[in-house]
Each structure stands twice: as C-alpha cells, then as structure tokens.
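Dear colleague,

I am passing on the structure we spoke about, and below it you will find my notes on what the calculations returned. Please read them with the coordinates open beside you.

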Amino acid sequence: MKIALIGYGKMGHEIEKIARERGHEIVCTIDINEEEKFSSDSFKSADVAIEFTSPKSALSNYTNAFKAGVPVVSGTTGWLEHLDEIKSECDNNGKTFFYASNFSLGVNIFFALNNYLSKLMNLFPDYVISMEETHHIHKLDAPSGTAITLAEDIVSNVDRINGWVLEENITTDTPDNKLKVKSFREGEVPGIHTVIYESEADTIKITHDAKSRSGFALGAVLAAEFTKGKKGFLGMKDMLGDL
Ligand SMILES: NC(=O)c1ccc[n+]([C@@H]2O[C@H](COP(=O)([O-])OP(=O)(O)OC[C@H]3O[C@@H](n4cnc5c(N)ncnc54)[C@H](O)[C@@H]3O)[C@@H](O)[C@H]2O)c1
C-alpha cells in the first residue's frame, strides 16, 4: 500500500524502515515547515498517512490530512484535549482516524494485565497504588500517553481512586484518593512503565520495558494496513480485539 509519513523524526524513520520491509511504498514525507506538501498529488495518493510529530502540531496535521482526503494513523501523544473534535470528524464527516497511545503489542498485553490486576486490587484496599514512567530526555509530554492510559484504567477499576496526578503537581490540597504518577526523563530510554501496589506486608509491581522503538513502529504499520479501506474512529481494540 501507499503510505505518507507526517513527522520524519525518530519514529518516522523507524516506520519507514519497517513499512518498506513489509513491501509498502512511502509516497511522501512531511516534516516541520513543509505544510505545502499536504496539497501535493503524492500526499493525496497515499492510502493512509502515519503521523508521529509533537503535541502542538498534531491537530493541524490531522485537519490537513483530512482536507486532502487521506486517513490518518497517529501515535503522537499529549493532544487528547482535542479528542472530541477528531471523534466528531469521524462520526459526522466520514473521516478515518486510528489512534493509540502505544502501538506496541507488548504494551497492549500490559494494558490488559493492568486492567485485570486493578480489578483484582479493588478488593484489597490495604494496597496503595502508584505509577512510574521513564522516557528519554527529548520527550515533550509528561506523563506519557501510555501512563495516562494505564492510569485511566486504574481510575475506572478501583473505587478508592478518583483521578490521577503527576507527582510534581501535588500540593497540600491534593486529595489522598488520587493515583500518584512519577515521570523520569533519562538518556535515550525508549519507555519503561511500572504500576506499583504497596502494603505493609509486601509490594506487587508490574513493568513493561521497551527495548527499542521497533515494536511501536511495527504496530503503527500494522494499524495502517488495518485502517486502509475502513471508516471512523479506530483503535487497538478494533485491531487486536478484547485482550
Ligand atoms: N503511540 C506510540 O506508540 C508512540 C511511540 C513512540 C513515540 N510516540 C510519540 O510520537 C511523537 C513523536 O515521537 P518521535 O520520537 O518520533 O519524536 P521526534 O522528535 O524524533 O520526531 C518528531 C518529528 O516531527 C517533526 N514535526 C514537528 N512539528 C511538525 C509539523 N507541524 N509537521 C510535520 N512534522 C513536524 C519534527 O521536526 C521531528 O522530525 C511523540 O509525541 C511521542 O510521544 C508515540
């Protein structure tokens, strides 16, 4: 299939490599200050555009791709305040958009494990729940989109938790029933997420530790293959089913 890349940074390059290995053609790459390429014939010829840019630019990239009639698969994190606008474009204006806060298969298995464990731990109020995530120093948003997905699943499954808070934003007014999330930025770490349950007696931890970006990139290419020819707002649950 024909793929356009919006954002030609670390993820864009990794996706290009994997897409070519899977026999796809990269028909257009658009990086910062190349907006005019959205109206090019090469961009319009793409079956799907894969977008990995930055929180600030994501929404205008989606809008530009939609105007050109090209469905979007996006992994950019930190833009979710605009989620309803994008869902409405899909539901009311026939657009196609696939979003995942994390495209790796392993992380999606980890999401399922987090869901199961948090439902179980709802029954054991002696455990204090917290979360940590570590990423490379170039990451612009904190906590990570993956951490937010994990936190929101915990919030919906555990009655004693009502929302999450980034540790650096905690004040004396922060209620005790918020899930504490710590974000660390170190070196070139691709992404580590740990959910911690701590009681007087013991600690239970689950961790996902990405070894490279290739798992995210493969998932994004698989999502593009899945998205071709479909309509509406799509996500990993549509592609992988209920794990
Ligand atoms: N969902 C996932 O599985 C997943 C995995 C890894 C990274 N991410 C997210 O993907 C995004 C990109 O990550 P990265 O590591 O490739 O970052 P990066 O900084 O290496 O690359 C981003 C690229 O986007 C370009 N860019 C910025 N503004 C643009 C614009 N308006 N139009 C087009 N291009 C623009 C930059 O010049 C850069 O080349 C981040 O938000 C990151 O959190 C998501």
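Which of the 21 residues around the ligand come nearest? This is a predicted model, and in it the residues that come nearest to the ligand are Lys10, Met11, Asp31, Thr77 and Lys139. For three of these residues there is a distance to report: a polar backbone atom of Lys10 is 2.8 Å from an oxygen atom of the ligand, a backbone N or O atom of Met11 likewise lies 2.8 Å from a ligand oxygen, and in Lys139 an N or O atom of the side chain is 2.8 Å from an oxygen atom of the ligand. On its own the ligand has 860 Å² of accessible area, of which the protein covers 80%. The shell around the ligand is made up of 8 nonpolar, 10 polar and 3 charged residues.

Turning to the domains, the assignment gives domain 1 as 2–103 + 214–240 and domain 2 as 105–209, and the C-alpha centres of the two domains lie 27 Å apart. Domain 1 brings 11 residues to the contact, and domain 2 brings 13 residues.

How much area do domain 1 and domain 2 bury between them? The figure is about 890 Å², with 57% of it on carbon and sulfur atoms. On the side of domain 1, Thr77, Ser101 and Asn102 supply 43% of the area buried against domain 2, which is more than any other three residues supply; Thr77 is also among the residues that come nearest to the ligand.

The residues of domain 1 that touch domain 2 divide into 5 nonpolar, 5 polar and 1 charged.

Methods: Residues numbered from 1 in each chain as written. Predicted model: local features only at pLDDT ≥ 70, side-chain atom pairs only at ≥ 80, totals over all residues. Heavy atoms only, no water. Domains from an automatic or database assignment. Contact = heavy atoms within 4.5 Å. Buried area = accessible area lost by both parts, 1.4 Å probe. Nonpolar A, V, L, I, M, F, W, Y, C, P; charged D, E, K, R; others polar. Near = heavy atom within 4 Å. Polar contact = N/O pair within 3.5 Å; in protein donor to acceptor, adjacent residues only side chain to side chain. Areas by Shrake-Rupley, 256 points an atom, 1.4 Å probe, with all protein chains shown as cover.
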